[in-house]
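Work through the exercises below with the sequence and the model open. Try each task before reading its solution.

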There are 2 protein chains.
Amino acid sequence: MQPSGRVPESTAARLPVYLRVLSDLAGVDSISSEELAAACGVSSAQLRKDLAVLGSHGTRGVGYDVPGLRDALAAELGLEQDWPVVIVGGGNLGMALANYAGFLSRGFRVVGIVDADQLRAGEAVVGGLVIQPMADLARIIRRTHAVIAVIATPAEGAQPVADELVAAGVTGILNFAPVVLSVPAGVAVRDVDLGVELQLLAFHEQQRSLGRDSRREGE
Amino acid sequence: MQPSGRVPESTAARLPVYLRVLSDLAGVDSISSEELAAACGVSSAQLRKDLAVLGSHGTRGVGYDVPGLRDALAAELGLEQDWPVVIVGGGNLGMALANYAGFLSRGFRVVGIVDADQLRAGEAVVGGLVIQPMADLARIIRRTHAVIAVIATPAEGAQPVADELVAAGVTGILNFAPVVLSVPAGVAVRDVDLGVELQLLAFHEQQRSLGRDSRREGE
């Protein structure tokens, strides 16, 4: 199956969630857009629009063909083959990622994990992997042809690591370090800053309490 | 300092990053919008627009007052006091979060961590915390007045946990479980699915290779 190559970024951001929900529907042949939308946490109008962009249309009265739609989504996202992924940083977070069994079922294979701490080298991770020294990073990337890497280092180490990853051929970085990485055009960075996520929840709590106060004032 | 209570959600999503960058500028009194924008990874037009909504204007030729802007951002996000946070799930990810020293400097204090595995109860985390049994969850929330909680459980356990959190008074959930949670209106959920993040990088790689192919075809 060929990816369409014409899905806008905003739609693309929702496709992995649709794929995850469909993958959980083992043994189900078809599903209505309303049911699928509810399970994905979007409106059915949004879902239908997104899937139409993909060229996938449900059948009126029957719904979407679950296995067919799952394959189309996997193809669109480039998940028909496994992507090798290298993890930089063997702290709690790096180990959590390296040990996350769910990655394999979702199209990714952790092929290497490195840590700056020499004493950690040789420590076992699941899947027969061991932590390797940071000095081996470029060699691991070239050997495994990984183009996707995860940075799970402290903030101060992240930029030099990103530079090294890019020099070795990585073009997609998932960055957990709380710092804005500078990378050349054409390299994609997705930032996940757990502090930012919590601060946005705090903002929501603050808005709630302001709303309560203003309602009280209006009483 | 009073929060303005009129910042749109899309702007709010960028404020934690501005705050993080300003917090790293210890000893710096003022900064130009261009420099600050570059460090935050946004355009200076975007930065100026966001900060104007906040009621904060730089001084022409001098720039932004760093400590003043930092205080205004913290107030806007509701970070002038520490928020108590409860973590559900003591696996690698839950422990990574519980042990993340950065939370404290960013407005959060982990006041409890629970795990469904009875054998984990009593295990030490940093800061004098120990893992407590899942059965104590509601009691911990009521005692600590936590309104923000983190779900770091496997997918199948997440919805019952969310139900229990909401029943105990939690109104903000950071969800790492790969599942769409169903919560009442007024409860905020932020989903961080590490598989989704990697799949979006894969999508980017796929788009790159399609772009290369079509360029080749045009040669």
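Buried means under 20% relative accessible area, exposed means over 50%, and partly exposed lies in between (1.4 Å probe, protein chains only). This is a predicted model: local features need pLDDT of at least 70, side-chain atom pairs count only at pLDDT 80 or more, and totals for chains, interfaces and linings use all residues. Residues are numbered from 1 along each chain as its sequence is written, chains are lettered from A and ligands numbered from 1 in the order in which they are written, and side-chain values use heavy atoms, with hydrogens and water left out.

**Exercise 1.** Describe the salt bridge between B:Asp50 and B:Arg14.

Solution. 
- Start with the criterion: a salt bridge is a side-chain nitrogen of Lys or Arg within 4 Å of a carboxyl oxygen of Asp or Glu.
- The two side chains meet at 2.6 Å, N to O.
- Next, locate the partners. B:Asp50 is in helix 4 (residues 44–53) of chain B, and B:Arg14 is in the loop between helix 1 (9–12) and helix 2, 36 residues apart. Helices (H or I, at least four residues) and strands (E, at least two) are DSSP runs, numbered from the N terminus.
- B:Asp50 is buried, at 2% relative accessible area. B:Arg14 is partly exposed, at 23%.

**Exercise 2.** Which chains does the pair B:Arg20 and A:Asp193 join, and is each residue buried or exposed?

Solution. 
- The side chains form a salt bridge of 2.5 Å, N to O.
- B:Arg20 lies in helix 2 of chain B, and A:Asp193 in the loop between strand 8 (188–191) and helix 10 of chain A, so the pair joins two chains.
- B:Arg20 has 11% relative accessible area, so it counts as buried.
- A:Asp193 has 7%, so it is buried too.

**Exercise 3.** Characterise the contact between chain B and chain A.

Solution. 
- Count residues: 61 of chain B contact 61 of chain A, where contact means heavy atoms within 4.5 Å.
- Take the area: about 5,500 Å² is buried, and carbon and sulfur atoms give 68% of it. Buried area is the accessible area (1.4 Å probe) that two parts lose on being put together, summed over both.
- Find the main contributors: in chain B, B:Leu198, B:Gln199 and B:Phe203 lose the most area to chain A, together 13% of what that side buries.
- Count salt bridges: there are six between chain B and chain A.
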